[in-house]
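Visitor: Could you zoom in on how helices pack here? I'd like one connected walk through the geometry and the contacts.

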Amino acid sequence: MRSFKSRLSWRWSLLAVLVVGCAHSGAGTTEAPAAASESSAAKLRKEQKVRQLMALTGAEDTGRQMIDMMTGHFQQMSKIPPGFMEKFREMAAQESIVDLLVPVYMKNFSEEDLDAAIAFHGSPAGKRFLAAQPALLQEAKAVGEQWGVRLAEKTLQALAEEVREQEREAVSHEGQQL
């Protein structure tokens with residue numbers, strides 16, 4: 001069984017990617033008149049599909065894990081007022097991240113896209129894809145960290161070489177001015 005931390009990490013990452021991706025994909029666009037005149041029955045049907053997709057991808061669990069992660073960070077802070085953690089959890093229980101994200105999904109995904117995503121995530125391949133995400137993200141994180149360290153080392157070496165080259169040029173110019 002995968003650790004809670006790895007499950008939290010991939011779900012948090014997935015939710016963050018979805019939120020950021022949705023925010024960016026809708027930036028600068030205007031709602032088409034046809035979309036604005038969607039019937040309430042069509043909106044309800046689309047909302048149900050959004051909620052079905054979010055259930056398949058574990059969005060509610062991700063929201064709960066986000067709360068746990070946030071409270072963990074809060075507990076590490078020294079200037080939290082007494083009773084904050086209890087009140088924060090109480091307030092969080094009254095708001096669902098899914099309810100907040102449903103309009104974002106509805107704005108950025110067509111009903112056809114939702115149908116396709118639901119079909120994929122409900123399929124055996126989609127379920128394997130979701131199940132593989134924690135390990136994939138954990139490995140990708142390790143690869144990314146190694147890449148970052150290697151890139152930082154190369155950058156430091158390049159900067160040191162530039163400094164040496166500038167010093168050689170300065171010495172060379174000083175010798176010519178004598």
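Guide: Let's start with helix 4 (residues 59–76) and helix 5 (residues 84–94), whose axes come within 11 Å and cross at roughly 165°. This is a predicted model, where local features need pLDDT of at least 70, side-chain atom pairs count only at pLDDT 80 or more, and totals for chains, interfaces and linings use all residues. Residues are numbered from 1 along each chain as its sequence is written, and side-chain values use heavy atoms, leaving out hydrogens and water. Helices are DSSP runs (H or I, at least four residues) numbered from the N terminus; axes are lines fitted to C-alpha atoms over the stretch in contact, with angles from 0 to 180 degrees between N-to-C directions.

So helix 4 and helix 5 are roughly antiparallel (over 145 degrees). Their crossing is right-handed, with the near helix turned clockwise from the far one by less than a right angle. On the helix 4 side, Ile 67, Asp 68, Met 70, Thr 71, Phe 74 and Gln 75 make contact (heavy atoms within 4.5 Å) with Phe 84, Met 85, Phe 88, Arg 89 and Ala 92 of helix 5. Sorted by class, that gives seven nonpolar, two polar and two charged residues.

Now set helix 3 and helix 6 beside that pair: they pack at about 120°, axes 10 Å apart, again in a right-handed crossing. Helix 3 brings residues including Lys 43, Glu 47, Val 50 and Met 54, while helix 6 answers with Val 98, Asp 99 and Tyr 105, among others. This contact counts eight nonpolar, no polar and five charged residues.

Methods
Helices (H or I, at least four residues) and strands (E, at least two) are DSSP runs, numbered from the N terminus. Ala, Val, Leu, Ile, Met, Phe, Trp, Tyr, Cys and Pro count as nonpolar, Asp, Glu, Lys and Arg as charged, and the others, Gly among them, as polar. Angles under 35 degrees count as roughly parallel, over 145 as roughly antiparallel, 65 to 115 as roughly perpendicular and the rest as oblique.
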